[in-house]
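I opened the notebook to go through this structure entry by entry. Each note says what I looked up and what I found.

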Amino acid sequence: FERAPERILAREDASLLVARALMAARQGEALTRIREDWRGRETQPHLWLALDSDRLALEGHPGDAEALLRSRTFSGEAEATRLVRLSLYAAKRTLHEAWTLLDQAAALAPRDPEIRSFRAQILEQIRQPASARVEYVAAHVAAPANALLRDELAEFYRRQGSYDQALRTWRDAFSVPAPDFIWLKEAFWSRVIQPATVPRSEEHTSELQSRITIS
C-alpha cells in the first residue's frame, strides 16, 4: 500500500485486509485514506460497518460503535458479522444477551473463525481464561494465515503473563510474510523477556532498527 496504493484501492478485499492491518498498527491516517476512498461504493457493506465500529471502539467510543452496529441489519453470514460485535457490548451488561447473539451468529456462519475470536474476548472479559484460550486457539487454527488472529492469541498470552508463549506465537508467523507490527512486537518482547536470534531479511532489520530503540 505504501509503494503502490492504487493496486490495493482497486480491490475491495485487499483494501479491507490492509485497513485491518493498519488499524492494528495504529496507522490512522493511512486507514482513513482507504476508508474514504471506498465510502459510497462498497459492495460488502457489512465488512465496512464492522471496520468502522471496531475503529470507534479502539479510539475509545464504545457507545458510538454499538449505535453504529444497531443502525443496520443484514442477512446470512453478513448478519453474523454484525451480531458477533454486538455481543461484545452486550457482554458488559448481561452475559445471557451476549451468548444469545453469539448463538444466532454461529447459526448463520458456523465455520467463521471471527465468531470464535469474539467468544474468546467475551470469556476473557468475564475472567474465564482457560475457556478463552480454547476459543483464541480455535480461531487461529481455523485461519492460520490470518496475522490478526495470530496476534490476538499472542496478546492474550501476554495479558495472562505467559510471555514465552506469546513470543513463540509471534515468531511462528515468520515462516510466511508477516506484517511489520508483528516483527516489531517480537523485536521488543524478545529483548525484554527472552533474547533470541531470529532470521530476518536485511530490509526488516533496517526497518526495525529505525523504528525501535531499547535502552
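Predicted model: local features only at pLDDT ≥ 70, side-chain atom pairs only at ≥ 80, totals over all residues.

Residues are numbered from 1 along each chain as its sequence is written, and side-chain values use heavy atoms, with hydrogens and water left out.

Entry: The protein has 215 residues, and 42% of them count as buried. Buried means under 20% relative accessible area, exposed over 50%, and partly exposed in between (1.4 Å probe, protein chains only). I then took the contacts (heavy atoms within 4.5 Å). Of those with a separation of 6 or more, 48% are between residues 24 or more positions apart.

Entry: aromatic rings. I searched the whole structure and found five aromatic pairs. Rings of Phe, Tyr and Trp (its six-membered ring) pair if their centres lie within 6.5 Å; planes under 30 degrees apart count as stacked, over 60 as edge-to-face and the rest as tilted. One of the pairs is Tyr163 with Trp189, stacked at 5.8 Å centre to centre and 20° between the planes. Tyr163 lies in helix 11 (residues 163-171) and Trp189 in helix 12 (residues 180-192), so this pair ties together parts that are 26 residues apart in sequence. Tyr163 is partly exposed, at 36% relative accessibility. I also noted one aromatic cluster, formed by Tyr136, Phe156 and Tyr157.

Entry: a charge over a ring. Arg41 lies over the face of Trp38, at 3.7 Å from the ring centre. The cut-offs for this are NZ of Lys or CZ of Arg within 6 Å of the ring centre and within 35 degrees of the ring normal.

Entry: positive phi. Which loop holds Arg26? I found Arg26 between helix 2 (12-24) and helix 3 (28-38). Its phi is near 60°, a positive value in a residue other than glycine. Arg26 is exposed, at 59% relative accessible area. I found Arg127 in the loop between helix 8 (113-125) and helix 9 (129-142), with a positive phi near 65°. Arg127 is exposed, at 76%.

Definitions and conventions:
Helix = DSSP H or I, 4+ residues; strand = E, 2+ residues; numbered from the N terminus.
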